[in-house]
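Here are my notes on the model you asked about. Keep the structure open while you read, and look up each residue as it comes along.

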Amino acid sequence: MTDNSNFYDNLPEFSDFRKVSDGALYHPVPDDWWIIAGDIRNSTEAIENGKYKEVNMAGASIIAGISNLFKDFGSLPFTFGGDGSIVLVPDQKHSEIKQTLAFCRQAIQDSFGLDMRTGSVPVADVRKEGLDVKVAKMRLSETTSQAVFWGDGLEYAESLIKDKEKDEDEPQDGYVANLEGLECRWQEIPPDQEEITSYIIKATGKNDTENSEIYEECLKKIDDIYGSLNDRNPISEAKLIFKKSWKKLAVEWKIRTWKPTLKKKLKYAWKLLFQLTSGIYLMKSNTETKNTDWGRYKSDLIKHVDFRKFSEALRFVASGTSEERMKVEDFLEEMHNKGKLFYGVHSSNSLIITCYVTNYHREHIHFVDGMDGGYAMAAKKMKKQVKESR
């Protein structure tokens, strides 16, 4: 039997985001791999009640927990959706995966009062339905890559998991998932000009070639309106400021100390405050320690932000003006009326960052979303559009 455990690590990389529309770059995920997903139920209501930070942290917990399980096997492809996440894994560690998902569900429920559905679907089962799951690897820097996905297989698998009446597995007594690296320590990021806008664009071509052409047209138009990728990157070093409010830091503190004991809570609170204080000094003084070059942490963070991604649809967050957003919306509405795509757009007055840090020296990735649940709200609008078209 072929060992496919290093399938993702062995993929070739590309660096130009505009190439995500090229279906030929994507590689079929092995049949014996599994799709792992977590999704917050009633996330729109939770976001409207002000729990957008908690929703984002809950979604990212799946990425941290599952990726840490496979740390010795190499990296895994994953994608962050704001109110949930998807991770693809080789055919190994099934019992540990179930326990990690059960732990995350219970930790999220007890810490934030949120209900998460989790589960796993074999890639082979997706293909039996005539769908596919393909992945490519986009280089963000010399040390960090981002997975991008082609096909409708992930959406199908996610729908199966969302529609479950309940999750079967309960967390075992004494089992603690490894959520190391799951952090949320940066203040909200204001826009450069007027607003932060989250976009989801789903092509509806008859085949991959048509979809590629639609995405290429969208990417060109977005560049024409917003400028280059660097022009619309919503994050700059000057905007990266650590949180000073314990109330905001408590989102990380709560989930990282579940199941809570007084000792665990005090120990992590001390660790969190120490790391914040020392991080401010080390980054400001450009200190290089034995393991970490702190002077380049912020510049690496900007490279490693997932403000644009492709996961069976084009998803990105842009910092710009309301006029720019309206121009993009007019273009998307025209394309939608031609039957070429569905789309969702949502504007926010700032951006939030949730982090997964493998190590502080250049191996960290940062998930961004509109402060009031930009991706979740954009997805809600797109789903309404899809429903109305039927």
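1. First, some ground rules. This is a predicted model, where local features need pLDDT of at least 70, side-chain atom pairs count only at pLDDT 80 or more, and totals for chains, interfaces and linings use all residues. Residues are numbered from 1 along each chain as its sequence is written, and side-chain values use heavy atoms, with hydrogens and water left out.

2. Let's start with the overall build. The chain has 12 helices and 15 strands (DSSP runs numbered from the N terminus: helices are H or I with at least four residues, strands are E with at least two). Its radius of gyration is 20 Å, close to the 21 Å that the globule rule gives for 390 residues, so the chain is as compact as a globular protein of that length. That radius is taken over C-alpha atoms, and the globule rule is 2.2 Å times the number of residues to the power 0.38. Along its principal axes, the C-alpha trace spans about 60 × 50 × 40 Å.

3. Of the 390 residues in the chain, 55% are buried; buried means under 20% relative accessible area, exposed means over 50%, and partly exposed is in between (1.4 Å probe, protein chains only). The chain exposes about 17,500 Å², and carbon and sulfur atoms supply 48% of that area (Shrake-Rupley method with a 1.4 Å probe; for residues, only the protein chains shown count as cover). Take the contacts with a separation of 6 or more: 79% of them are between residues 24 or more positions apart, where contact means heavy atoms within 4.5 Å.

4. Now the largest pocket, which holds about 1,300 Å³ of space. A pocket here is an open set of points on a 1 Å grid over the protein atoms alone, with protein on both sides within 12 Å along at least five of seven lines; a 1.4 Å probe fits at the points, and lining residues have an atom within 4 Å of a point. Grid points are joined across faces, edges and corners, and the volume is the space filled by probe spheres set on the points. There are 50 lining residues, and Glu155, Glu158, Arg315, Met382 and Lys383 are the closest to the centre.

5. Which element gives the most to the lining of the largest pocket? That is α12, with 9 residues. Other elements supplying at least two residues include β3 (34-40), α5 (153-162) and α6 (208-226). By class, the lining has 17 nonpolar, 15 polar and 18 charged residues. For this count, Ala, Val, Leu, Ile, Met, Phe, Trp, Tyr, Cys and Pro are nonpolar, Asp, Glu, Lys and Arg are charged, and the others, Gly among them, are polar.

6. The second largest pocket has about 580 Å³ of space. Among its 29 lining residues, Ser75, Leu76, Phe78, Ser145 and Thr358 are the closest to the centre. Two or more residues each come from β4, β8 (145-150), β14 (351-359) and β15 (363-370), and β15 gives the most, with 4. The lining divides into 10 nonpolar, 11 polar and 8 charged residues.

7. Most residues other than glycine have a negative phi, and most peptide bonds are trans. Trp258 and Lys259, however, are joined by a cis peptide bond with omega about -5 degrees, and Lys259 sits in the loop between α8 (246-256) and α9 (262-284). Asn42 has a positive phi near 55 degrees, lies in the loop between β3 and α1, and is exposed at 60% relative accessible area. Arg362 also has a positive phi, about 80 degrees; you'll find Arg362 in the loop between β14 and β15, buried at 10% relative accessibility.

8. Finally, check some partners across the chain. Lys71, in the loop between α2 (52-69) and β4, is 287 residues from Thr358 in sequence, yet their C-alpha atoms are 9.1 Å apart. Asp22 and Ser212 are 190 residues apart along the chain, with 5.9 Å between their C-alpha atoms. In helix α6, Asn211 is buried at 13% relative accessible area. Beyond its neighbours within four places in sequence, Asn211 contacts Trp150, Ala203, Thr204 and Gly205.
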